[in-house]
Amino acid sequence: VPAATASLGGGLAVAWAAADTTTAGRLNFTNRLAIPPLATSRADESGRRVFDLRTTAGEHQFRPGRATATLGVNGGHLGPTLRATRDETVVINLRNALSEPTSLHWHGMHLPAAMDGGPHQMIEPGGVWTPTWRVAQPAATLWYHPHPHQQTARHVYLGMAGLFIVDDPTTPAGLPSRYGVDDIPVIVQDKQFGDDNQLDDSEAFWTSMGILGDTICVNGTLAPYHDVTTERVRLRLLNASNARIYRFGFSDDRPFALVGTDGGLLAAPYETARIQLTPGERAEIVVTLRPGERAVLRSYPPEVGTNVWNARFSGGHDTLDVLQLRAATQLSPSPPLPDRLADLPRTDTSTPAAIRTFQLSGYSINGARMDMSRIDFAVTRDTTEVWEITAIDEAPHNFHVHEAQFRVLSVGGAPPPPELRGWKDTVHTPPNTPVRIALRFGDYVDRNTPYMYHCHLLYHEDQGLMGQFVVVEPGQSPGKPHHSR
Ligand code: C2O
Ligand code: CU
């Protein structure tokens, strides 16, 4: 068990130094990228799509030699990709085959709080949890991971995470969409291997921002390459790391098309050469390749201020190799990208039901740390609120909200950059820079079962940089948190 009590302020200097600063970050790309299998599903009598999942302890061959002890879903490490179509109803039969309680949260999904898989939906060892909901949101790359209070960082670090892709029949044709061929999941995580290839979660590697590993893996593959057979490939980038911030780009600075963010497709493709993702964030990008060439996806130092700051964020590395794309000498043609991808309605914020402010500092929000028995506030169903989030210390933070995909209104008072103009559920909060978001809450009223909001640096979350809200009827007050099964 990691040192959950690791020092708050005093550990800072030690903390940054503990991150490995010796690895060069350049890779030889010797391993074929593993593609997480698509989860099988079946239709029940009422036409609902049923998935059978099991959380398990297992092992994974990251490197030659001894296999690494890990946790996974339906396998030793990571989990299968779930896929469902908008308006379908899904049922998940989830058995916890671990020897400890855990939960599974559907990150980015709009669903009733009791189905959310947060810290109030714990599954005991051997227990079964069967959430069901209608997928009522546009096409998106969502994901799932455990959310047990104060154990999320460890469970995710040891390997429990997977993608949940939502398809939408209204998506225009033209986006690469053959899973594993030209539509590639890219789950990026950093690991710190200790003696004997075991994941080192000893105190030395848990900094005040959590764990920063010196080894990057994609879908559990170290030094990965992917053979490309089409002119264009879509990469579904997920930062599933505990703490590391990546700023993705190609080593030759080639532009690519950003087509989607956390909660769905952008209105139109946006051409850029860099996309930064903090933990929990996703981006869908489409890259064009020439026959026979090799393109290296890297992570560059985040753009968040001083060099010192960058070094802290990147664990001392300037750049880190992530994935090599190897284009075949003959590429099959890909259709042109559509000009328009999705309708992005403007959120009307002229009369918000509430304006709330959140100050993030250390391991608390507005001075309070997470308390499972305290509901911090209630929002009213079918209303729009404006939240202003400001990180007021010098630590890296971001902000994730359950239940609602939101829109960014401003960052530091300025209009959001293009990559923050689509649906988001997690947003970077640079130091002393107010980030304003607009959220529209749906109609899943439950005054006793809270949704979470928190920093997605998982150690911060575990330490208490998290709060709880409920959705109520107009005029109703919040109830008492209630553990739902
Ligand atoms: Cu990705 Cu509250 O979580
Ligand atoms: Cu944080």
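The model is predicted, so local features are given only at pLDDT of at least 70 and side-chain atom pairs only at pLDDT 80 or more, while totals for chains, interfaces and linings use all residues. Residues are numbered from 1 along each chain as its sequence is written, and chains are lettered from A and ligands numbered from 1 in the order in which they are written.

Begin with the open sheet, where six strands run in the order β1-β17-β25-β24-β19-β22 with mixed pairing; strands are DSSP runs of E with at least two residues, numbered from the N terminus, and two of them pair if DSSP finds at least two bridges between them. Select 31-32 (β1) and 275-277 (β22) at the edges: each has a single partner strand, so one side of each is left without a neighbour in the sheet.

Residues 213-289 are 0% helix and 66% strand, with end C-alpha atoms 31 Å apart.

Finally, select Val186, Ile187 and Val188, which are among the residues with the most contacts inside the largest nonpolar core, a set of 120 residues. Such a core joins buried Ala, Val, Leu, Ile, Met, Phe, Trp, Tyr and Cys residues through C-beta atoms within 7 Å, buried meaning that 20 or more other C-beta atoms lie within 10 Å of a residue's own. Strand β25 (residues 320-332) gives the most to this core, with six residues.

How values were computed: Helices (H or I, at least four residues) and strands (E, at least two) are DSSP runs, numbered from the N terminus. A residue is buried if 20 or more other C-beta atoms lie within 10 Å of its own, exposed if 12 or fewer, and partly exposed in between; C-beta atoms are placed from the backbone.
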